[in-house]
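Take a walk through this structure with the sequence at hand. We will stop at a loop, a sheet and a helix.

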Amino acid sequence: MKDIRSQFQKNGFVVLEDFFQPEEIDELKFCGEEFTKNLPPENERSIFNTIELQQTNDKYFLDSAHKVSVFFESEALDNDGKLKVHPRISLNKVGHALHWLHPTFKKYTFDERVKEVAFQLGYQEPAVCHSMYIYKNPGIGSEVKKHQDATYLYTDPEKLVGFWIALDDSTQENGCLWIAPGSHQSGVHRRFIRNKDPNSKELLIYDTAAPCYQLSNFRPVPVNKGTCILIHGQVVHFSYPNRSDKSRHAYTFHVIETQHSSYAKENWIQPPPGGFPKLYRN
C-alpha cells in the first residue's frame, strides 16, 4: 500500500483502489440486502434524512448508537409507515454498531488492511466508534448535505478518519461523493450534540447554524466498487440524490485516536461500557 499520510494531510482524503476484492464486496453487499428482508412493523419505522432532520428528537436514532437499527428513505413510506416502494430499495441506512455486532462487518472493519492504514496515518491506539451501511437506492436515494464528520464525532485534538467503501460503482449519475480538497484545514465548523435542556423536545441539537459552502470548491470523486475513500474528519463533503436506475451501496465506519485525544462527552454517540473497540486489540 502506498504511503498515504502526506496526501491525506494535504487534501483531506485519499482514494485507495481495489481495497477489497470483488468476492469480499459481494459478501458485504449480500449482508446489506439481507436487512431489507426482515423490516420492522409499520408503527416502528424510522426515517433518516439529513435535510429535514427528523432524527433530532428521535429516541430510536439515539438508541441506535450501539445497536443494528434500520432507517428508511423518506420517499419509501407513506404517513402511516406503509411502504410505497419495494422493500429491497426502501432503506436509507443501517447503523450504527455493525462493526461490532454483525460478524461479517466486524471481520472487514478489523481487517489487517484497515489496521495498516491506521498505522500509516499515525494512529497509536485507534478505536472504531461508528459504522453504517448506506444504500443510496435507485430513484429515491436521498441527498446528503455538505458536512464534516467531526461535527458528529468530535475529538480534542481532532483525530478522526472515515473509511468509505464503495460496494457498487459510484458515479456522478448515482450519487458519488463530492469533496472539497483542503477544507479540513479550517477547523470544525459546528457540533451536533446532546441537548442539555430538560424542557426541550429535541434530544440532539446543532450548536450553531449551518455554514455556507461554495459549490465551486467541491469536486466529484467517482470510484469503482471495492475502492476505499479515506475521509479526514474535518474535510467537507456531500452527495447528490440518486435519481438513476443504479444503486450506490457503501459501507462506512469511523476511527478515532484514543491516546492523547479525548472523545467529547457531548457527542451524540457515547462509548459503550468498556469503551469503543480498539482496532489493534479486537
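Where is the place of Glu-173? Glu-173 sits in the loop between S7 and strand S8, residues 177-179. The model is a predicted one. Is Glu-173 buried or exposed? Its relative accessibility is 56%, above the 50% cut-off, so Glu-173 counts as exposed.

Glu-173 also has partners from elsewhere in the sequence. Setting aside neighbours within four places, Glu-173 is in contact with Asn-242, Arg-243 and Ser-244. Take Ser-244: 71 residues separate it from Glu-173 in sequence, yet their C-alpha atoms are 6.0 Å apart in space.

Now turn to the sheet. Seven strands form an open sheet in the order S1-S12-S7-S14-S4-S3-S2, with antiparallel pairing. S1 (13-16) and S2 (68-72) stand at the edges. Each has a single partner strand, so one side of each has no neighbour in the sheet. From one strand to the next, the twist averages 20°.

S2 and strand S3 (residues 91-96) run antiparallel, joined by five bridges. Ser-69 lies in S2 and stands opposite Gly-95 in S3. Is Ser-69 buried or exposed? Ser-69 has a relative accessible area of 5%, under the 20% cut-off, so it is buried. Beyond its neighbours within four places in sequence, Ser-69 is in contact with Tyr-60, Ser-64, Lys-93, Val-94 and Gly-95.

Helix H6 (residues 112-120) lies across S1, S4 (126-134), S7 (160-166), S12 (228-232) and S14 (250-257). H6 runs at about 145° to S7.

Terms used: Residues are numbered from 1 along each chain as its sequence is written. This is a predicted model: local features need pLDDT of at least 70, side-chain atom pairs count only at pLDDT 80 or more; totals for chains, interfaces and linings use all residues. Side-chain values use heavy atoms; hydrogens and water are left out. Two strands pair if DSSP finds at least two bridges between them. Helices (H or I, at least four residues) and strands (E, at least two) are DSSP runs, numbered from the N terminus. Axes are lines fitted to C-alpha atoms, for helices over the stretch in contact, and angles run from 0 to 180 degrees between N-to-C directions. Contact means heavy atoms within 4.5 Å. Buried means under 20% relative accessible area, exposed over 50%, partly exposed in between (1.4 Å probe, protein chains only).
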